Amino acid sequence: MSILWPLHGVSHCCRKLQKRQKLYSKVKSIYNKLCIHPPLDSSMSLKDKVVIVTGSSKGIGFEIAKEFSENKDAHVVVCSRSLEQSVTAAKKIKGSTLALEVDVTDQSSVNRFIEKVIEKFNKINVLVNNSGYPYNETIWNKPFHEGTIDELLKIIDVDLVGAVRLSRAVIPHMLKYKVSHSKQNNFGNEKRLSSDEQGNDIYESGMFSLDNSEEIDRINSGGVIITISSTPAISGRTGGFPYTIAKAGNISLTKCIAKEYGNSNIRAYSLALGNIATKATYEAISQEVRIEAAQEVPMKRWGKPEEVAKVAACLADDNFSFATGNTIVIDGGTVLL
Ligand SMILES: NC(=O)c1ccc[n+]([C@@H]2O[C@H](COP(=O)([O-])OP(=O)(O)OC[C@H]3O[C@@H](n4cnc5c(N)ncnc54)[C@H](OP(=O)(O)O)[C@@H]3O)[C@@H](O)[C@H]2O)c1
């Protein structure tokens, strides 16, 4: 037996893989012509995808970042207004992370932030708009006519306009995924095939082998945008109207993105959360109020940030490929759609 026998094994595997890729690309191109999605392939997982989670220095955002990095093998951008806190948070997460600072209320900060993400990874696959205006008991309980326009604008600027700013900044990168994906990214398993008439490189991405640039744009562009909303956005709430209005806007933002970019494989979801135990909420209120809040829920308890994180990671996975624009309620069964 040749001492090179292990290499024969490797090349045999490569040939088998190439055959499988060719077959899959043929199948895929047939499905595209029929206007239906091809069978899902394991290569369409979140492994090596680049995920931005805003407001991930703590609370729910931190758990979402952790889930994507540790259980989904994605590259995760951990960020908040504080670089120091983002670095500390990123250090607590196993896997590939990049800690950055961003203030979602400041367009130039958002621009600089996106530039840095692209500089490092050259692509953005998933955005989770999670940043939220710090919980403020006074605003939260104020009757509508006593709340101020200043309070409304401040909360909207973070929770709603912040999410709009980030979404607008990442969508161009999701749309040109083909180009940015191809040139210098070391993370994917793409391989250059040829050039189209405009001189654009045509790539084989995962199991997709394509020979038509229009088709490539449609298939290789794409991404997922998840925005964290809240149940008062659906059911209404007595008091704290700035928050309710901002979170209702998040649901509309999701619908706009889903409708406008569905054809470019950009999917969008809102997560309407009930009471989730974080430092900002559970730990900031009295035991009496905690119990009262739990009693209002059919499941008689608070949710955990990890329970939100699991849903976010599932939605970003390609297994959700034909569901978009929807709001998923995570509240232990209080608000039923
Ligand atoms: N916990 C709940 O029960 C609950 C329920 C419904 C919805 N939600 C929503 O879920 C999200 C997370 O809530 P949480 O309880 O985890 O809150 P949290 O612990 O206060 O975390 C909020 C995060 O947002 C960041 N942030 C605040 N202002 C920002 C800005 N201008 N630019 C960038 N980042 C900013 C904070 O970091 P820096 O301050 O360092 O910037 C922090 O990382 C929020 O959108 C919240 O409205 C929470």
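Helices α2 (59–71) and α6, together with strand β7 (223–230), each put at least two residues into the shell around the ligand, and α2 is the top contributor with three residues. Helices here (H or I, at least four residues) and strands (E, at least two) are DSSP runs, numbered from the N terminus. Bear in mind that this is a predicted model, where local features need pLDDT of at least 70, side-chain atom pairs count only at pLDDT 80 or more, and totals for chains, interfaces and linings use all residues. Numbering of residues starts from 1 along each chain as its sequence is written.

Let's stay with the ligand for a moment. It is surrounded by 30 residues, and the closest are Gly55, Gly59, Ser80, Arg81 and Gly132; to be near, a residue needs its C-beta atom, placed from the backbone, within 6 Å of the molecule. Sorted by class, this shell has 16 polar, nine nonpolar and five charged residues. For that sorting, Ala, Val, Leu, Ile, Met, Phe, Trp, Tyr, Cys and Pro count as nonpolar, Asp, Glu, Lys and Arg as charged, and the others, Gly among them, as polar.

Now step back to the whole chain. The protein chain has 12 helices and nine strands, and buried residues account for 40% of its 337 residues. Buried means that 20 or more other C-beta atoms lie within 10 Å of a residue's own; 12 or fewer makes a residue exposed, anything in between is partly exposed, and the C-beta atoms are placed from the backbone. Of the contacts in the protein chain between residues at least 6 apart in sequence, 69% join residues at least 24 apart, a contact being two residues whose C-beta atoms, placed from the backbone, lie within 7 Å.

In soluble globular proteins, nonpolar side chains tend to be buried together. Here the largest nonpolar core has 66 residues, of which Val51, Val78 and Ala312 touch the most other members, and α6 provides the largest share, 10 residues. A nonpolar core is a set of buried Ala, Val, Leu, Ile, Met, Phe, Trp, Tyr and Cys residues joined through C-beta atoms within 7 Å. Take Val51: setting aside neighbours within four places in sequence, Val51 is in contact with Phe68, Ala74, His75, Val76, Val77, Asn125, Val126 and Val128.

Helix α6 (residues 149–175) also packs against α4 (residues 107–121), at an angle of about 35° and with the axes 10 Å apart. The axes are lines fitted to C-alpha atoms, for helices over the stretch in contact, and angles run from 0 to 180 degrees between N-to-C directions. On the α4 side the contact uses Gln107, Val110, Asn111, Ile114 and Ile118, while α6 brings Arg165, Leu166, Ala169, Val170 and His173. By class, that makes six nonpolar, three polar and one charged residues.

Leu271 sits in strand β8 (residues 266–273) and counts as buried because it has 26 C-beta neighbours inside 10 Å. Leaving out neighbours within four places in sequence, the contacts of Leu271 are Ile226, Ile228, Ser229, Val308, Val311, Ala312, Ile328 and Ile330. One of these, Ile328, is 57 residues away in sequence, yet the two C-alpha atoms are 4.9 Å apart.

Ile328 itself belongs to strand β9 (residues 327–330). With 18 other C-beta atoms within 10 Å, Ile328 is partly exposed. Beyond four places in sequence, Ile328 is in contact with Tyr269, Leu271 and Val311. Thr231 is 97 residues from Ile328 along the chain, and their C-alpha atoms are separated by 9.9 Å. This threonine lies in the loop between β7 and α9 (232–235) and is buried, with 20 other C-beta atoms within 10 Å.

Finally, a backbone detail. Most residues other than glycine have a negative phi. Asp48, although not a glycine, has a positive phi of about 70°; you'll find Asp48 in the loop between α1 (5–33) and β1 (50–53). Asn122 is not a glycine either, and has a positive phi of about 65°, in the loop between α4 and β4 (126–129). Asp48 is partly exposed, with 19 other C-beta atoms within 10 Å, and Asn122 is partly exposed, with 19 as well.
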